[in-house]
Amino acid sequence: SFLSSFYRIRNVLFDGEKLVEFDISSSFPLMFAIYSIRINPNIIHDYDFREYCTLLKSGKFYDNLTDKLNQNLNADSSKLKMDKDGFPIAHRKLSRSNTKELFQKLLNGQKNRSAYIKGYSNPFIKEVFQMKFGCLYDILDDLKTKNEKVYYKLSRLETEFIFSIVEEIYIKVSGVQILTLHDAIYVS
């Protein structure tokens, strides 16, 4: 699991053949949506939840969250430093990978502890996530208040999902060989 997906696809062979990877896009955000439905089936009627799922299905969840985070970073020009001509200097923009890391820390970090990325801490993404997806934030906050480990809950869902796909493929395709790693399935 220490090899990047890029390296695995280009350098690892399975029975002498290159690997093909199929992974779950935005896996942990998706697993969080599934978990949320399981504990609160009525959440499917919430506008914020529907927006969250629409972003996941379109593959734009992290892009949208990155845009929202960057908009909020620069929204209050009174807090920005000024350049020599008196114009506000915008904050450093967060990248999509920064947003993914912040989101992982939001899901998996401790409730009263902040982790930092590029100088921005967990409370920053908490505020944006709570404002944009309030119903999901409430579920996450409740889990953290109860000291439940979100990572383990979502990893379990992810594993169950991957194994159900593997089982179905083994039943339908005679002699197939499959490798799995986290949210990905590899075949030759």
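**Starting from the ring cluster**

Guide: Let's start with a cluster: Tyr52, Phe61, Tyr62, Phe103, Phe129 and Phe133 are joined to one another through ring pairs. Keep in mind that this is a predicted model. Searching the whole structure turns up eleven aromatic pairs. Take Phe61 and Phe103: their ring centres sit 5.2 Å apart and their planes meet at 75°, so this pair is edge-to-face; the cut-off for that label is over 60 degrees. Phe61 belongs to helix α4 (residues 61-73) and Phe103 to helix α5 (residues 96-108), so the pair ties together parts lying 42 residues apart in sequence. Both partners are out of the solvent: Phe61 counts as buried at 1% relative accessibility, and Phe103 counts as buried at 0%.

For a pair in another setting, go to Tyr151 and Tyr152. Their rings are also edge-to-face, at 5.5 Å centre to centre with 80° between the planes. Here Tyr151 is partly exposed, because its relative accessibility is 40%, while Tyr152 counts as exposed at 57%.

Now for the cysteines. You'll find zero disulfides in the structure. Cys135 counts as buried, given its 15% relative accessibility.

Next stop, the sheet. What is the order of its strands? It runs β3-β7-β6, an open sheet of three strands with antiparallel pairing. The edges are β3 and β6; each has a single partner strand, so one side of each is left without a neighbour in the sheet. Ignoring direction, neighbouring strands are turned by 25° against each other on average.

Strand β7 (residues 184-187) is covered on both faces, with Ala184 and Tyr186 buried on one side and Ile185 and Val187 buried on the other. Toward β3, β7 is held antiparallel by four bridges. Val20 has Val187 of β7 as its bridge partner, and Glu21 stands opposite Tyr186 in β7. On the other flank, β6 (residues 179-181) pairs with β7 over three bridges, again in the antiparallel sense. There, Leu181 has Ala184 as its partner in β7. β6 and β7 make a hairpin with two residues between them, and His182 in that turn has a positive phi of about 55°.

If you're checking backbone torsions, two loop residues deserve a look. Ser26 has a positive phi of about 50° although it isn't a glycine. Ser26 sits in the loop between β3 (20-23) and α2 (27-39), and it is buried, with a relative accessible area of 12%. Asn147, also not a glycine, has a positive phi of about 60°. The loop that holds Asn147 runs between α7 (134-145) and α8 (150-172). Buried or exposed, that Asn147? Exposed, at a relative accessible area of 63%.

That brings us to the charged side chains. Opposite charges on side chains can pair when the charged atoms come close. The count here comes to seven salt bridges. One of them joins Glu160 to Arg38, with the closest N and O atoms 3.9 Å apart; the cut-off is within 4 Å. Because Glu160 lies in helix α8 and Arg38 in helix α2, this pair ties together parts 122 residues apart in sequence. Glu160 is partly exposed at 36%, and Arg38 counts as exposed at 56%.

Glu160 has another partner in Arg156, at 3.1 Å between the closest N and O atoms. Both lie in α8, four residues apart, so about one helical turn separates them. Arg156 is exposed as well, at 57% relative accessibility. Put together, Arg38, Arg156 and Glu160 form a network of salt bridges.

Lys172 is exposed at 63%, whereas Glu168 is partly exposed at 43%.

Terms used: Residues numbered from 1 in each chain as written. Predicted model: local features only at pLDDT ≥ 70, side-chain atom pairs only at ≥ 80, totals over all residues. Heavy atoms only, no water. Phe/Tyr/Trp six-rings, centres within 6.5 Å; stacked < 30°, edge-to-face > 60°. Buried < 20%, exposed > 50% of the residue type's maximum accessible area, 1.4 Å probe, protein only. Disulfide = S-S within 2.5 Å. Pairing = 2+ DSSP bridges. Axes fitted to C-alpha atoms, helices over the stretch in contact; angles between N-to-C directions. Salt bridge = Lys/Arg side-chain N within 4 Å of Asp/Glu carboxyl O.
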